[in-house]
Amino acid sequence: QRIQSLSESLKNALIEAPKKSELFDKLNECYQILDKRQATQKQAHEEACKSNYEELKPHLVAVQEGVKTATIFKEWRDTLRTIQGELQEKTLTRESRQELYDIVHACYEEMDKRREQAQEEYEKIKWEKRKSAEIIPPKK
């Protein structure tokens, strides 16, 4: 922004043409330096995003597979919470972050679904036991 304001000021300034040209050349150098810095920063950001994604994705896929066969979910929930904390701290692209959060949400949904199924089975067994206890008359 400062370079742009200098450029605007220079356009309107009453300066001899050779000096004005020299100043514009200096401004162009500043733009080029700024462009190089921004390109370097962008590349570093993209590399960090890729590295973080490649680090987190296998962990989440492993958790997703583990959740499919788990019977006790507390450890898996703790692991997911830890990974969610890492997701918040790590630099990621919007698309990568969304993809990873989608996996996290799918894991939670799978655990909830399996927990509900287990609860239904427990209630069914409990009901059948209670029902069978009522049918059998007590011995005298």
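Residues are classed by relative accessible area: buried means under 20%, exposed over 50%, and partly exposed in between (1.4 Å probe, protein chains only). The model is predicted, so local features need pLDDT of at least 70 and side-chain atom pairs count only at pLDDT 80 or more, while totals for chains, interfaces and linings use all residues. Residues are numbered from 1 along each chain as its sequence is written, and side-chain values use heavy atoms, with hydrogens and water left out.

Glu116 is partly exposed because its relative accessible area is 45%. Glu116 sits in helix H4 (residues 94-135). Helices are DSSP runs of H or I, at least four residues long, numbered from the N terminus. Between Glu116 and Arg94 lie 22 residues in sequence and 33 Å in space, C-alpha to C-alpha. Glu86 belongs to helix H3 (residues 74-89). Glu86 is also partly exposed, at 25% relative accessibility. From Glu86 to Lys19 the separation is 67 residues in sequence and 54 Å in space, C-alpha to C-alpha.

The largest nonpolar core holds 18 residues. Such a core is a set of buried Ala, Val, Leu, Ile, Met, Phe, Trp, Tyr and Cys residues joined through side-chain atoms within 4.5 Å. Leu60, Leu80, Leu87 and Leu100 touch the most other members. Helices H2 (17-69), H3 and H4 each supply at least two residues of this core. H4 gives the most, with seven. Beyond neighbours within four places in sequence, Leu100 is in contact (heavy atoms within 4.5 Å) with Tyr53, Leu56, Lys57, Leu60, Leu87 and Leu92.

Cys49 is buried, at 3% relative accessibility. Cys107 is buried, at 1%. With a disulfide defined as a pair of cysteine sulfur atoms within 2.5 Å, the count is zero.
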